[in-house]
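Please take a moment to look over the sequence and the three-dimensional model, and keep both at hand while reading. The paragraphs that follow walk through the helices, sheets and loops one group at a time.

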Amino acid sequence: MIDTKSVNELKSLIRNNTTFFILSHVNPEPDTIGAALSLYHYLKGIDKRPVVYNADGIPGFMKFMQYSDVIRTAIPHGKFDIAISVDAGGLDMLGDDFDKLKRDKTVNIDHHRTNTMFGDLNIVDPCASAVCELLYTLFKKMGIRIDGTISSLLLTGIIYDTGSFRYRNTTARTLRIASELVKRSHGISDIAERLYENQSIGRLRLIEKMIDTIELSMDGRIASSVLTRDMYDATGTTREDAEGLIDYPKSISGVAVAVLFRETEDNRYKVSLRSKSNVDVAEIAEKFGGGGHTNAAGFTVSGRLMDIKNEVLNSVLERLT
Ligand SMILES: [Mn+2]
């Protein structure tokens, strides 16, 4: 739920200020980028000066999104009136350089249940399937016209965060909003095609290698898999290509929780968790200093893969028993 007070506060922040620094989260996916770029489009349209930032830059598969070329990867020296973060549950999701950003106020727009409320103004709705769904409601309440560009960007984020309207976060409201966006967007099949039928052969080879590492435990209720930097090298891919790969171990019949260990540096791993039904993986991720949603969460951890695997799989096992 978004309360009227927050809506009015955001409206006056936008009315009374000129420069806006829009932050999307590290390891970006279409929800954070769609939200950031739709805000950019709106603010530009009312003669404000917005800048969009992503610490990691935009992965190739999202370059079809309008304005994706405006995204910057460095924090400018100058001061901004307002920083607006979208789809980040905590400051750790905004990159290591975030503290260098000079700004008067920070607005935190998000849908992670584990959100740390780091903003001066926090608009957080964990019931929204995607931050793009939340933003639609927010735009409506602010009286902002949802044009074709905004519709396509928001729809892309919603399609992605709901796994094409398959995940448990998909509600009647999600579909109602999606239906409004479809009417005004540049076409849903076009978005789906660009999201899902636009892969490199290298990425498919990477999937093959990852599938090879799948191990089942706890009578097939847990599926774990690994991606190493060697695998990226061997297939001519980068870590961007790992986005969404955890869906493969998760898709196995009988699996309740899927875990993917991604090597980022020597002895450093990004761990992603996905679950079916009501198994809460956000709680597991929080234990390791991360966070997320009931069915999708993650964290980063240092150590030897064998030790990390043991520790994480034990926590999952505890959760399932
Ligand atoms: Mn999201």
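**Two helices side by side**

The axes of helix H2 (residues 30-45) and helix H4 (residues 148-161) come within 8 Å and cross at roughly 165 degrees. That angle makes H2 roughly antiparallel to H4, where angles under 35 degrees count as roughly parallel, over 145 as roughly antiparallel, 65 to 115 as roughly perpendicular and the rest as oblique. Axes here are lines fitted to C-alpha atoms, for helices over the stretch in contact, and angles run from 0 to 180 degrees between N-to-C directions. Helices (H or I, at least four residues) and strands (E, at least two) are DSSP runs, numbered from the N terminus.

This is a predicted model, in which local features need pLDDT of at least 70 and side-chain atom pairs count only at pLDDT 80 or more, while totals for chains, interfaces and linings use all residues. Residues are numbered from 1 along each chain as its sequence is written.

H2 passes H4 in a left-handed crossing, a term used if the near helix is turned anticlockwise from the far one by less than a right angle, and right-handed if clockwise. On the side of H2, the contact is made by Pro30, Asp31, Gly34, Ala35, Leu37, Ser38, His41 and Tyr42, and on the side of H4 by Thr149, Ile150, Leu153, Leu154, Thr156, Gly157, Tyr160 and Asp161; two residues are in contact if their C-beta atoms, placed from the backbone, lie within 7 Å. The residues of the contact of H2 with H4 divide into eight nonpolar, six polar and two charged, where Ala, Val, Leu, Ile, Met, Phe, Trp, Tyr, Cys and Pro count as nonpolar, Asp, Glu, Lys and Arg as charged, and the others, Gly among them, as polar.

H4 also has a crossing with helix H6 (residues 188-196), and the axes of these two come within 10 Å and cross at roughly 55 degrees. H4 and H6 are therefore oblique to each other, and H4 passes H6 in a right-handed crossing. Here Ser152, Leu155, Thr156, Ile159 and Tyr160 of H4 meet Ile188, Ile191, Ala192 and Leu195 of H6, a set that divides into seven nonpolar, two polar and no charged residues.

**A parallel sheet**

Five strands form an open sheet in the order S2-S1-S3-S4-S5, and the pairing is parallel; two strands pair if DSSP finds at least two bridges between them. Its edge strands, each pairing on one side only, are strand S2 (49-53) and strand S5 (121-124). Strand S4 (residues 102-110) pairs with S5 in the parallel sense over four bridges, and Val107 stands opposite Leu121 in S5. Helix H1 (residues 4-15) packs on the sheet, touching strand S3 (79-86), S4 and S5, and its direction makes about 125 degrees with that of S5.

**A mixed sheet**

An open sheet of six strands has the order S6-S7-S8-S9-S11-S10, with mixed pairing, and its edge strands are strand S6 (215-217) and strand S10 (291-292). Eight bridges join S8 to S9, which run antiparallel, and Leu260 stands opposite Ser272 in S9. S8 and S9 form a hairpin with two residues between them, and Asn267 in the turn has a positive phi of about 55 degrees. On to the next pair: seven bridges join S9 to S11, which run antiparallel, and the bridge partner of Arg268 in S11 is Ser302.

Why is S9 largely enclosed by the rest of the structure? Six of the eight residues of S9 are buried, which is the word used if 20 or more other C-beta atoms lie within 10 Å of a residue's own, with exposed used for 12 or fewer and partly exposed in between, C-beta atoms being placed from the backbone.

**A helix and the loop after it**

In helix H3 (residues 131-141), Val131, Cys132, Glu133, Leu134, Leu135, Tyr136 and Leu138 are buried. Just after H3, Gly143 takes a positive phi of about 75 degrees, and its place is in the loop between H3 and H4. Gly143 is exposed, with 8 other C-beta atoms within 10 Å.
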